[in-house]
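Subject: Structure for you to look at

Hi,

Here is the structure I promised to pass on.

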Amino acid sequence: MKMDLTAMGILAPTHVLEDCEPTSEEIAQIQCDRLARVRQELARRDITAAVLFDPAHVRYATGSRNMQVYSSRNPARYVFVPAAGPVVLFEFSGCEHLASHLPTVDEIRPAKAISYYFNEKNTQAVTRAWADEIIDLVRQCGGGERIAIESATAEVAFMLEQRGYQVLDAQEPLEQARAFKVPNEIKMIRSSLRAVEEGVRKLEASIRPGVTENHVWSRLHQHIIETDADFIETRLMNSGPRTNPWFQECSDRIIQAGELVALDTDVVGRYGYYADFSRTFLCGAGEASAEQKSLYRMAYDQIQTNMENLKPGVSFKEYAERAWRIPPGYRARRYFALAHGVGMNGEYPYIVHHEDIEDKGYDGILEPGMTLCVESYIGHESGGEGVKLEEQLYIRDDGQVELLSDYPFDERLLG
């Protein structure tokens with residue numbers, strides 16, 4: 001079953017090949033345009049250069065993919081991105097050839113292994129040499145005392161500060177750069193979603209009484225690797241009583257007939273782009289209970305109402321005030337965000353519930369170029385099962401809102 005998108009003023013998802021798969025020429029231009037977005041945000045903040053360690057940011061700025069999971073916990077590869085000047089990719093030793101074709105990279109050097117377990121007592125000396133190299137690059141780009149870094153060791157920041165540099169957090173300019181999609185970037189997102197949707201079909205087909213949650217969850221993992229995705233960030237698939245509260249990770253629990261099975265994809269998929277939607281299924285061939293239908297209907301209504309409110313020009317606080325009101329008894333276990341930005345993974349902005357704005361929220365404006373996920377979780381605070389639903393959308397440059405995710409809802413649960 002699908003929503004009445006026309007009545008909501010939302011464009012339907014597309015499966016047209018040329019709208020879902022960028023050409024090689026478009027890929028090269030997307031990479032250059034993303035780099036330009038990063039440079040623009042650095043220049044706006046008078047930052048001479050950023051040193052990026054986050055593998056998603058390295059890929060966003062350069063298009064380079066290598067050991068994404070390993071690099072997320074080890075400062076083993078990084079990129080020097082100046083506001084103006086040559087981009088230098090520091091690649092893991094022996095991997096320099098992997099990025100030699102990229103139009104965004106001017107030079108490739110072997111990365112210095114600045115973590116303790118690589119160097120033990122030599123860590124400080126290696127870090128000092130790392131700082132010398134970065135400072136030399138900064139001087140080649142005209143100098144300046146403001147350098148943005150991220151995800152490195154604390155010693156890196158200390159070393160730069162001791163040399164008289166002001167060290168800033170690179171997350172802000174990178175988040176702002178990524179929040180607004182460049183031309184044709186949306187094709188990469190659609191491609192990732194179409195592949196993951198097929199994987200979820202295989203996952204749903206494997207749900208049956210007597211199998212474990214892990215068995216079902218593995219079907220999605222296999223498919224995304226087959227379709228050149230990177231990895232799944234979380235283990236959010238659970239069944240029966242483990243669907244409430246949310247955020248219970250996939251386990252070896254055996255799924256029973258008549259139980260709900262809920263998942264959040266959280267896939268870093270094709271081209272490095274997040275495919276992020278949630279669905280809840282009914283295990284077996286039987287009918288859903290009245291309670292299951294009630295939970296599902298509330299989650300569906302929340303998604304539908306909040307999607308309809310997603311319009312350019314609306315402030316985050318206005319969006320929260322207009323949002324579907326969660327009934328008493330379910331509010332305590334509400335999902336922490338009404339909506340959040342999405343690109344290569346979850347990103348700026350995060351829009352919280354109206355009752356959480358003063359404590360956890362911030363304001364801003366929904367603008368063309370943003371892609372967002374609209375979230376719902378409904379589970380009663382006294383227990384029982386819960387329902388997780390989520391859709392991914394795009395505010396186009398013409399102001400129209402397009403539904404990107406395209407997976408059907410469970411008719412037995414929706415009624």
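Let's begin with a helix pair: Q124, T127, R128, W130, A131 and I135 in α7 touch E155, V156, M159 and L160 in α8. Sorted by class, that contact has six nonpolar, two polar and two charged residues. Before I go further, please keep in mind that this is a predicted model.

How do these two helices sit against each other? Helix α7 covers residues 123–140 and helix α8 covers residues 154–162; their axes are 10 Å apart and the packing angle is about 55°. That angle makes α7 oblique to α8. The crossing of α7 past α8 is right-handed.

Next up are α10 and α11. Helix α10 spans residues 185–205, helix α11 spans residues 213–226, and they pack at about 150° with 8 Å between their axes. With that angle, α10 is roughly antiparallel to α11. Here too there is a right-handed crossing, of α10 past α11. On the α10 side you will find A195, V196, E198, G199, V200, K202 and L203, and they meet V216, W217, R219, L220, H223, I224 and E226 of α11. The residues of this contact split into eight nonpolar, two polar and four charged.

Helix α10 also packs on α3. The axes of α3 and α10 come within 9 Å and cross at roughly 115°, so the two helices are roughly perpendicular to each other. The residues that meet are E26, I27, I30 and R34 from α3 and E185, K187 and M188 from α10. In this contact there are three nonpolar, no polar and four charged residues.

What lines the largest pocket? Its lining consists of I27, Q31, R34, R59, G63, R65, M188, D228, R270, Y271 and M344. By class, the lining has four nonpolar, two polar and five charged residues. The volume of this largest pocket is about 200 Å³. As for how one finds such places, rolling a probe the size of a water molecule over the atoms shows where empty space is left.

Last, a few backbone details. For background, most residues other than glycine have a negative phi, and most peptide bonds are trans. Where are the cis bonds I would point you to? P245 sits in the loop between β9 (237–239) and β10 (260–264). Another cis peptide bond joins Y348 and P349, again with omega of about 0°. P349, for its part, is found in strand β15, which runs over residues 346–351.

Then there is M67: although not a glycine, M67 has a positive phi of about 50°. You can find M67 in the loop between α4 (55–62) and α5 (68–73).

That's everything from my side.

Cheers

Note on methods. Residues numbered from 1 in each chain as written. Predicted model: local features only at pLDDT ≥ 70, side-chain atom pairs only at ≥ 80, totals over all residues. Heavy atoms only, no water. Axes fitted to C-alpha atoms, helices over the stretch in contact; angles between N-to-C directions. Helix = DSSP H or I, 4+ residues; strand = E, 2+ residues; numbered from the N terminus. Parallel < 35°, antiparallel > 145°, perpendicular 65-115°, else oblique. Left-handed = near helix turned anticlockwise from the far one by under 90°. Contact = heavy atoms within 4.5 Å. Nonpolar A, V, L, I, M, F, W, Y, C, P; charged D, E, K, R; others polar. 1 Å grid on protein atoms, 1.4 Å probe; cavity = no way out; pocket = protein on both sides within 12 Å on 5 of 7 lines; lining within 4 Å. Points joined across faces, edges and corners; volume = space filled by probe spheres on them.
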